[in-house]
Amino acid sequence: MQLTRLEIKGFKSFGDKVTINFNEGVTAIVGPNGCGKSNVIDAMRWVLGEQSTKALRSEKMENIIFNGTKNRKQAQLAEVSLSFDNTKNILPTAYSQVTVTRKLYRNGDSEYRLNDVQCRLKDITDLFLDTGIGSDSYSIIELKMVDEIITNKEHSRRSLFEEASGISKYKLRKKQTFNKLKDTEADLERVEDLLFEIEKTLKP
């Protein structure tokens with residue numbers, strides 16, 4: 001599986017539609033400070049489901065929409081698409097080309113699309129689970145993350161190795177199973193309370 005294309009429109013400093021193609025080998029994005037290099041990484045994290053505004057270096061989510069300039073109106077929509085070559089069938093889908101899209105409107109509405117079909121964030125998360133692709137995965141590493149890995153801040157090093165070795169999905173399933181068990185136990189306690197109340201009324 002290979003990242004092939006990133007399309008950004010109305011996201012942060014990208015008022016116009018920008019397409020970045022990732023060919024074989026190394027693709028480098030260079031430029032002076034403040035030209036938007038970090039916004040490219042933010043766009044990749046965002047389209048893959050990043051929900052933390054702090055991680056996106058923004059106070060609130062609506063601030064990621066292009067806010068306009070003296071000569072340009074503000075955008076009403078932020079849209080980012082990420083495309084992958086899936087000819088090796090690493091992703092569990094029949095499509096040889098997979099495109100993930102996320103949109104956020106200024107009125108607060110948002111949507112995710114998978115190959116231009118509306119879907120849930122969970123569908124995208126499940127699709128890329130244990131592939132190294134995700135909003136917090138080891139395939140997208142910023143400069144500050146290198147420091148966190150070296151210092152092992154909040155066990156970031158362990159998380160990275162677990163993701164790379166394919167353990168993450170089993171930990172997630174284990175967590176989901178425990179949550180279901182917890183909910184079931186709460187339901188059983190409620191049933192027992194109801195039975196107790198019914199037995200009390202049956203005696204008279």
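Predicted model: local features only at pLDDT ≥ 70, side-chain atom pairs only at ≥ 80, totals over all residues.
C119, by contrast, is buried, with a relative accessible area of 18%, and a search of the whole structure finds zero disulfides.

**Aromatic pairs**

- Two aromatic pairs are found when the whole structure is searched, and one of them joins F11 to W46 in a tilted arrangement, with 5.5 Å from centre to centre and 40° between the planes.
- Because F11 lies in the loop between strand 1 (2-9) and strand 2 (18-21), whereas W46 belongs to helix 1 (residues 37-47), this pair ties together parts of the chain that are 35 residues apart in sequence.
- F11 is buried, with a relative accessible area of 0%, and W46 likewise counts as buried at 0% relative accessibility.
- F84 and F128 also form a tilted aromatic pair, for which the centre-to-centre distance is 5.2 Å and the angle between the planes is 55°.
- This pair links distant parts of the chain, with F84 in strand 3 (residues 77-85) and F128 in helix 2 (residues 121-128), 44 residues apart.
- Both F84 and F128 are buried.

**Helix 1 and the residue that follows**

- Helix 1 is mostly covered, since eight of its 11 residues are buried.
- The buried residues of this helix are N39, V40, D42, A43, M44, R45, W46 and V47, a list that includes W46, the partner of F11 in the tilted pair.
- Just after helix 1, G49 adopts a positive phi of about 110°.

**The largest nonpolar core**

- The largest nonpolar core comprises 34 residues, and those with the most contacts inside it are L6, F11, W46, I64, V80, L82 and F128.
- At least two residues of this core are supplied by each of strand 1, helix 1, strand 3, strand 4 (97-105) and helix 2.
- Helix 1 provides the largest share of this core, namely five residues.

**Surroundings of F128**

- When its neighbours within four places in sequence are left aside, F128 is in contact with M1, L48, F84, L91, V100 and I133.

Definitions and conventions:
Residues numbered from 1 in each chain as written. Heavy atoms only, no water. Phe/Tyr/Trp six-rings, centres within 6.5 Å; stacked < 30°, edge-to-face > 60°. Helix = DSSP H or I, 4+ residues; strand = E, 2+ residues; numbered from the N terminus. Buried < 20%, exposed > 50% of the residue type's maximum accessible area, 1.4 Å probe, protein only. Core = buried A, V, L, I, M, F, W, Y, C linked by side-chain atoms within 4.5 Å. Contact = heavy atoms within 4.5 Å. Disulfide = S-S within 2.5 Å.
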